[in-house]
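My plan is to look things up one by one and write down what I find.

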Amino acid sequence: MTKQQLVYSSNNIYSEVTPVEFHLVFQQRENTMEILRPPLIRIGGRVYRKRHIREQPHQHEEEEDFYAGPEDCADEPCDAFVVEETERGYQCAVDIPSPLYKYIIGKKGETKKKIETETRTSIIIPKPGVEGEIVITGQHRNGIISARTRIDVLVESFRKKQPFTHFLSFALNQLAIQEKFLQFKEEVLEKCSNDYGVSSSLFQNPAKLHLTIGTLVLLNEQEIQKAQELLQRCKEDFIDSIAGGKPLTVEVAGVEYMNDDPAMMDVLYAKVHLKDGSNKLQHIADRLTDRFVTSGLMMKEWDRVKLHATVMNTIFRKDPSAEEQSNRSAGKFFKERESFDGRNILKLFENFCFGEVQLNSVYLSQRFSSDSSGYYAASGQLNFS
């Protein structure tokens, strides 16, 4: 693939890279200088490199803009979306959730006007809060392609800034597990309450004990429906063959911590493994993540899903209803945390057994919600048997 598109603004430049380039960049070691290892954005099966330009940042994110000149797409095959020929020229329609309209419009409509002027197109956006298609019309096909590309980059960039709304999960809130968890909590507070930062506010709600597979940003009913349908296809495509059409027996035993220093913990979690010693649970989690990332519904944060059941978390200290943050949105929150000294907890409860559980479902769970059992309300569900 030859170099085709440049997408830039006062803050960033995007350039298309080949799959080989993407692989090489992704393999590089973390480097603090963005100019040597710029972040990548996937859009419609393509990969764009984000280049940083050192200029004054905007005060409002709505003012951010991206640019792709009309001529940049002259040879673009445009197989990622459909451009229709009409009596008056060309048009292209794109489904975008209404919460993202404002980023295409920009402050006082400036972003939309700039795209329209520089691509010689007209962009029709539904009213705020009304779901529908954004329609791009114009006299020249290349202008339509350029405008659509710029809108795609804007949407993808600002979608990544949205807090996650849903997550795929395995529920670990069976009554026997909850009872052992409450025993664990009671014993920890009895034996370790004098350790720095340890208090009852750190503990997970037992009704919400779970394993997180991955987080999603689903901004309207259409995206939720798409996630539901994909979950069911995963059952047919690979989960039935892995699980064998029956529940998986999981043992929840032992505790471990996330960060490097046990004297300054933020997250303590229970470890899980299948009773039969197989890797089926990990395989299901990794395959689900790969499928949802490929669909564009989930961002890839790790090469492998780290299955863990959080039992203590410092984010609960300020907000008992909070959930774990995804990697992309946790930075600010971690700065506000008050860590705790978990060395004695590790020493005394390293092999604590929370019991066994039969896992028979993967849930598309809604963040900040509860059902009648106290677990997260489900927007979708996949059953093994």
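Before anything else I settled what counts as an element: helices (H or I, at least four residues) and strands (E, at least two) are DSSP runs, numbered from the N terminus. With that in hand I placed Pro-262, which is found in the loop between S11 and S12. I also noted that this is a predicted model.

**Entry: the whole chain**

I counted elements and got 9 helices and 16 strands. I then checked burial and found that buried residues make up 49% of the 385 residues. I looked at contacts with a separation of 6 or more, and 75% of them come from residues 24 or more positions apart.

I went back to Pro-262. What does Pro-262 touch, not counting residues up to four places away in sequence? I listed Tyr-257, Phe-340, Asp-341, Gly-342, Arg-343 and Leu-346.

Met-265 was my next stop, in the loop between strand S11 (248-257) and strand S12 (267-274). Is Met-265 buried or exposed? Its relative accessible area is 0%, so I wrote down buried. Leaving aside neighbours within four places in sequence, I found Met-265 in contact with Tyr-257, Asn-259, Thr-314, Ser-339, Phe-340, Gly-342 and Leu-346. From the C-alpha of Met-265 to that of Val-198 I noted 10.0 Å, for residues 67 apart along the chain.

**Entry: H6 against H7**

I turned to helix H6 (residues 221-243) and helix H7 (residues 280-295). Their axes come within 10 Å and cross at roughly 145°. I recorded the crossing as right-handed. Which residues meet there? On the H6 side I found, among them, Leu-230, Leu-231, Cys-234 and Phe-238. On the H7 side the list includes Ile-284, Arg-287, Leu-288 and Phe-292. By class, I noted 11 nonpolar, 2 polar and 5 charged residues in this contact.

**Entry: aromatic rings**

How many aromatic pairs does a search of the whole structure find? I got 12. I picked out Tyr-103 and Phe-158, a stacked pair at 4.2 Å centre to centre with 10° between the planes. Tyr-103 lies in helix H2 (residues 101-105) and Phe-158 in helix H4 (residues 141-159), so this pair ties together parts 55 residues apart in sequence. I checked accessibility for both partners. Tyr-103 counts as buried at 4%, and Phe-158 is buried at 0%.

Next I looked at Phe-164 and Phe-167. They form an edge-to-face pair, 6.3 Å centre to centre and 90° between the planes. Phe-164 counts as buried at 5% relative accessibility, and Phe-167 counts as buried at 2%. Phe-164 has a charge over its ring too: the charged end of Arg-367 sits 4.0 Å from the ring centre.

I also marked a cluster. Ring pairs link Phe-181, Phe-184, Phe-203, Phe-349, Phe-352 and Phe-354.

**Entry: Glu-133**

I found Glu-133 in strand S8 (residues 133-138). At 43% relative accessibility, I put Glu-133 down as partly exposed. Not counting residues up to four places away in sequence, Glu-133 touches Ala-93, Val-94, Asp-95, Ile-124 and Pro-126. The C-alpha atoms of Glu-133 and Ile-96 are separated by 6.7 Å, though the residues are 37 apart along the chain.

**Entry: positive phi**

I kept a general rule in mind here. Most residues other than glycine have a negative phi.

Lys-108 has a positive phi of about 55° although it is not a glycine. I placed Lys-108 in the loop between H2 and helix H3 (110-119). Lys-108 counts as exposed, at 69% relative accessibility.

Phe-368 went on the page as well, with a positive phi near 55°. I found Phe-368 in the loop between strand S15 (361-366) and strand S16 (378-383). Is Phe-368 buried or exposed? I noted exposed, with a relative accessible area of 52%; the cut-off is over 50%.

Methods: Residues numbered from 1 in each chain as written. Predicted model: local features only at pLDDT ≥ 70, side-chain atom pairs only at ≥ 80, totals over all residues. Heavy atoms only, no water. Axes fitted to C-alpha atoms, helices over the stretch in contact; angles between N-to-C directions. Left-handed = near helix turned anticlockwise from the far one by under 90°. Contact = heavy atoms within 4.5 Å. Nonpolar A, V, L, I, M, F, W, Y, C, P; charged D, E, K, R; others polar. Buried < 20%, exposed > 50% of the residue type's maximum accessible area, 1.4 Å probe, protein only. Phe/Tyr/Trp six-rings, centres within 6.5 Å; stacked < 30°, edge-to-face > 60°. Lys NZ or Arg CZ within 6 Å of the ring centre and 35° of its normal.
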